[in-house]
Amino acid sequence: MPAKTPITIAYGDGIGPEIMTATLSILKAAGAELEYEVIEIGEKVYKRGVSTGIEDSAWESLRKNRVFLKAPITTPQGGGVKSLNVTVRKTLGLYANVRPCTSFAPYIHTKHPKMDLVIIRENEEDLYAGIEHQQTNDVVQALKLISRPGSEKIVRYAFEYARAHKRKKVTCMTKDNIMKLTDGLFHRVFNEIGEEYPDIQKDHYILDIGCAFVAEKPEMFDMIVTLNLYGDVISDIAAQVAGSVGIAGSANIGDDFAMFEAIHGSAPTIAGQNIANPSGLLQGAIQMLVHLGQTQVASTIANAWLRTIEDGVHTKDIYSYNHSHDLVGTQEFANEVIARLGKLPDHFKEVTFSAETKPFKTVRYSPRNQQKEMIGVDIFLDSRLAPDEVAAKISGIHIGELQLRIISNRGVKVWPNGATETFCTDHYRCRFRSPNNTAISHNNIVELLAQIEKTGLDFIKIESLCTFDGTLGFSLAQGE
Ligand code: NAD
């Protein structure tokens with residue numbers, strides 16, 4: 001008899017315990033070779049004052065077992081509390097979030113019967129870096145961090161996944177018409193790495209129209225790869241238009257660890273009533289079995305689940321008078337799946353997972369050494385003065401090659417000859433650059449700050465302006 005694979009599990013909050021119990025009963029009946037170590041995470045842990053929602057002992061289990069099946073948890077709202085999901089994903093380097101969203105028409109009601117889409121969401125970077133500051137009375141900022149290694153990893157993962165799962169097309173979604181550096185890097189990496197996969201079709205949509213098409217014509221997409229925040233939004237839209245958020249599972253994959261879950265949350269309003277659909281967590285568990293190489297058991301469960309859906313045995317969220325036969329509770333649904341283990345679907349295509357569909361390790365990133373040259377500095381000020389008054393205090397300062405070129409407020413040029421229509425906050429960006437882009441030194445910046453300090457202005461942040469291999473590494477202000 002094969003040895004059982006130890007994994008870590010968490011029953012979570014809200015509907016978590018019900019759907020986990022139901023899912024485990026199916027895994028057991030199907031003969032999954034698994035051994036469980038249970039950790040406590042979420043609401044109870046937050047209430048003990050642990051702001052991350054997870055204790056050190058739980059990390060030990062995760063690091064030892066490397067595979068985590070997690071029921072949803074409730075994130076208390078309010079300051080000081082961190083999202084446990086984000087913490088786990090980032091700490092364990094789970095860079096790829098894989099979210100298949102498929103419709104099961106005519107058995108589960110949907111306007112999109114041909115939808116069969118996999119969303120690959122970058123899982124560690126973007127605004128989820130969680131670096132936010134209040135800089136002035138009027139202004140707060142969040143840093144959107146996009147890295148080349150992070151972008152390369154997720155884009156390559158998407159193309160490898162497409163090949164392994166015999167998918168034909170990968171669509172990239174960004175907003176690089178506005179965020180030319182951050183989203184622009186992601187799009188560029190998509191184009192570069194895409195060249196290594198001539199067998200896969202590629203296209204790109206600007207996020208807003210892309211989302212509109214996901215909601216209206218999802219069948220036009222095969223796979224989508226995108227940044228963290230966009231992927232979060234798109235996958236909830238996609239799961240819901242496929243039929244219910246209750247039927248979609250998700251895999252979070254890293255080089256050394258993996259976490260599997262439902263895409264939905266802890267749904268506290270329906271907790272404890274035995275009405276939640278366990279299918280989302282079950283789909284996550286099926287992805288986990290494939291990841292662990294237990295492809296036969298994964299296929300058996302996937303086919304029994306399809307047969308249950310075809311037989312019209314449905315939980316409340318997917319029940320409809322036209323398409324359903326029996327309305328069942330959470331555990332009863334699981335029992336019906338168990339009763340069909342070994343049976344194949346009649347209408348849907350039989351699922352056969354093979355070793356090739358197992359997630360894989362990605363190639364290591366090879367760093368680039370671009371020639372970096374500093375040619376200026378943005379100095380951010382907290383000031384209630386009018387733009388011309390700010391300029392009057394600092395436009396006469398010349399340090400080496402550095403001189404004031406432009407002042408902007410909320411990104412709009414307000415000096416020289418600035419827009420008079422825009423309203424100004426107390427947050428100014430003063431751009432000092434050398435004419436002809438000649439190089440400047442750190443000492444120049446230190447001296448510049450010392451001069452500004454003498455004017456009594458309050459500087460709150462600096463950002464150096466550099467070229468990389470001669471290309472500007474910063475965006476121009478509107479009107480610059
Ligand atoms: P939610 O996904 O928990 O629920 C939204 C609604 O969807 C529910 O009211 C319910 O009607 C329906 N629903 C969700 N899952 C279902 C299921 N399995 N069966 C039937 N119907 C289902 O979203 P929410 O209410 O915004 O969030 C509740 C809590 O979950 C919050 O604290 C949130 O932070 C947390 N959350 C956790 C995760 C996670 O652990 N991965 C993900 C998202 C949200």
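This is a short tour of the structure above, stop by stop, with something to select at each one.

**Before you start**

You are looking at a predicted model, in which local features need pLDDT of at least 70, side-chain atom pairs count only at pLDDT 80 or more, and totals for chains, interfaces and linings use all residues. Residues are numbered from 1 along each chain as its sequence is written, and side-chain values use heavy atoms, with hydrogens and water left out.

**Stop 1: the whole chain**

Show the C-alpha trace first: along its principal axes the trace spans about 80 × 55 × 45 Å. Switch to cartoon and you have 13 helices and 20 strands to explore. Helices (H or I, at least four residues) and strands (E, at least two) are DSSP runs, numbered from the N terminus. Of the 480 residues, 52% are buried. Buried means under 20% relative accessible area, exposed means over 50%, and partly exposed is in between, using a 1.4 Å probe and protein chains only. Among contacts with a separation of 6 or more, 76% are between residues 24 or more positions apart; a contact here means heavy atoms within 4.5 Å.

**Stop 2**

Now select the strands of the open sheet with the order 2-1-3-12-11-4-5-10-8-9, where the pairing is mixed. Two strands pair if DSSP finds at least two bridges between them. Strand 2 (34–38) and strand 9 (201–206) are the edge strands, each pairing on one side only. From one strand to the next, the twist averages 25 degrees. Angles run from 0 to 180 degrees between N-to-C directions, and axes are lines fitted to C-alpha atoms, for helices over the stretch in contact.

Zoom in on strand 11 (residues 249–253) and strand 12 (residues 258–262), an antiparallel pair with five bridges. Pick Ser-250 there and you will find Glu-261 of strand 12 opposite.

**Stop 3: a helix pair and the core**

Select helix 1 (residues 16–30) and helix 9 (residues 279–291): their axes come within 9 Å and cross at roughly 40 degrees. That makes helix 1 oblique to helix 9, since angles under 35 degrees count as roughly parallel, over 145 as roughly antiparallel, 65 to 115 as roughly perpendicular and the rest as oblique. Show side chains for Ile-19, Met-20, Thr-23, Ile-26 and Leu-27 on helix 1, and for Leu-281, Leu-282, Ala-285, Met-288 and Leu-289 on helix 9; these make the contact.

Stay on Leu-27. Not counting residues up to four places away in sequence, its neighbours in contact include Leu-34, Tyr-36, Leu-69 and Ile-301. Leu-27 is also among the residues with the most contacts inside the largest nonpolar core, which has 88 residues. A nonpolar core is a set of buried Ala, Val, Leu, Ile, Met, Phe, Trp, Tyr and Cys residues joined through side-chain atoms within 4.5 Å. Helix 10 (residues 295–310) gives this core its largest share, eight residues. Apart from it lies another core, of 24 residues, including Ile-394, Trp-415, Ile-445 and Ile-452.

**Stop 4**

Move on to the open sheet with the order 17-16-18-15-19-20, six strands in antiparallel pairing. Strand 17 (412–415) and strand 20 (471–472) stand at its edges with a single partner strand each, so one side of each has no neighbour in the sheet.

Colour strand 18 (residues 427–433): seven of its seven residues are buried. His-427, Arg-429, Arg-431 and Arg-433 are on one side, with Tyr-428, Cys-430 and Phe-432 on the other. Strand 15 (residues 372–382) pairs with strand 18 over seven bridges, antiparallel, and Asp-382 has His-427 as its bridge partner. Strand 16 (residues 403–409) runs antiparallel to strand 18 with six bridges, and there Asn-409 is partnered with Tyr-428.

**Last stop: a loop**

Finish at Glu-421, in the loop between strand 17 and strand 18. Is Glu-421 buried or exposed? Glu-421 is exposed, with a relative accessible area of 71%. Draw a C-alpha to C-alpha distance from Glu-421 to Leu-404: the two are 17 residues apart in sequence and 22 Å apart in space.
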